[in-house]
Amino acid sequence: MVNFDPDPADLALSSVPGQEAFDPRRHRFTEDELKPQPMIKKARKMLVPDDQKDEKYWSRRVKNNEAAKRSRDARRLKENQISVRAAFLERENAALRQEVADMRKELGRCRNIINKYESRHGDL
């Protein structure tokens, strides 16, 4: 277990309101989720003359603006989740490296004890 207490603000930004809080200890991202999104060239803006901005145009604009906001929010949420998970993994990695170093140290001590025993009493 790694001692990891992320900033509550970071957890709030990486959780969907009304749903279970994001847990960086348990969440796993797929390879596709971690791949950067390809840069898509934007289409040229086509200015619509004021006289053609009817009810259908405005309803499409509102619908598009809402979809763009949802997309931006989803991207921001995913980026926040990835950064919190990365911070957790970095902390976990440091703890595991320390554990490996401690085990190597212990192994060295055990080898020294065995070498001393074998030098006194012969091979095991």
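Is Ala94 buried, exposed or partly exposed? Select Ala94 to start. Ala94 is partly exposed, at a relative accessible area of 45%. Here buried means under 20% relative accessible area, exposed means over 50%, and partly exposed lies in between, with a 1.4 Å probe and protein chains only.

Before moving on, note that this is a predicted model, in which local features need pLDDT of at least 70 and side-chain atom pairs pLDDT 80 or more, while totals for chains, interfaces and linings use all residues. Numbering runs from 1 along each chain as its sequence is written, and side-chain values use heavy atoms, with hydrogens and water left out.

**Stop 1: helix H3**

Stay on Ala94. Ala94 sits in helix H3. Helices are DSSP runs of H or I with at least four residues, strands are runs of E with at least two, and both are numbered from the N terminus. Ala94 and Val2 are 92 residues apart along the chain, yet their C-alpha atoms are separated by 9.3 Å.

Next, select residues 54–117. UniProt, in an unreviewed entry, gives this span as "domain: BZIP". The span is 98% helix and 0% strand, and its end C-alpha atoms are 93 Å apart. Then select residues 79–113. The unreviewed UniProt entry lists a "coiled-coil region" there. This stretch is 100% helix and 0% strand, with 51 Å between its end C-alpha atoms. UniProt positions follow the numbering used here, feature names are shortened, and annotations may be inferred rather than shown by experiment.

**Stop 2: a pair one turn apart**

Select Lys69 and Asp73. Both lie in helix H3, 4 residues apart, about one turn of the helix. A salt bridge is a side-chain nitrogen of Lys or Arg within 4 Å of a carboxyl oxygen of Asp or Glu. Lys69 is partly exposed at 46%. Asp73 is partly exposed too, at 32%. Side chains of opposite charge can pair when their charged atoms come close. The whole structure holds 10 salt bridges.

**Stop 3: a salt-bridge network**

Select Glu20, Asp23, Arg25 and Arg26. Salt bridges link these four residues in a network. Center on Asp23, which is buried at 19% relative accessibility. Arg26 bridges to Asp23 with 2.9 Å between the closest N and O atoms. Arg25 also meets Asp23 in a salt bridge, at 3.7 Å from N to O. Arg26 is exposed at 55%, whereas Arg25 is partly exposed at 30%.

**Stop 4: a positive patch**

Which residues gather in a patch of positive charge on the surface? Select Lys42, Lys45, Lys56, Arg60 and Arg61 to display that patch. Patch residues have over 30% relative accessible area and no salt bridge, and like charges are joined within 9 Å (nonpolar side chains, namely Val, Leu, Ile, Met, Phe, Trp and Tyr, within 5 Å). Finish on Arg61, which belongs to helix H3, residues 55–121.

Terms used. Areas by Shrake-Rupley, 256 points an atom, 1.4 Å probe, with all protein chains shown as cover. Lys, Arg positive; Asp, Glu negative; His and termini not counted. Charge placed at Lys NZ, Arg CZ, Asp CG, Glu CD.
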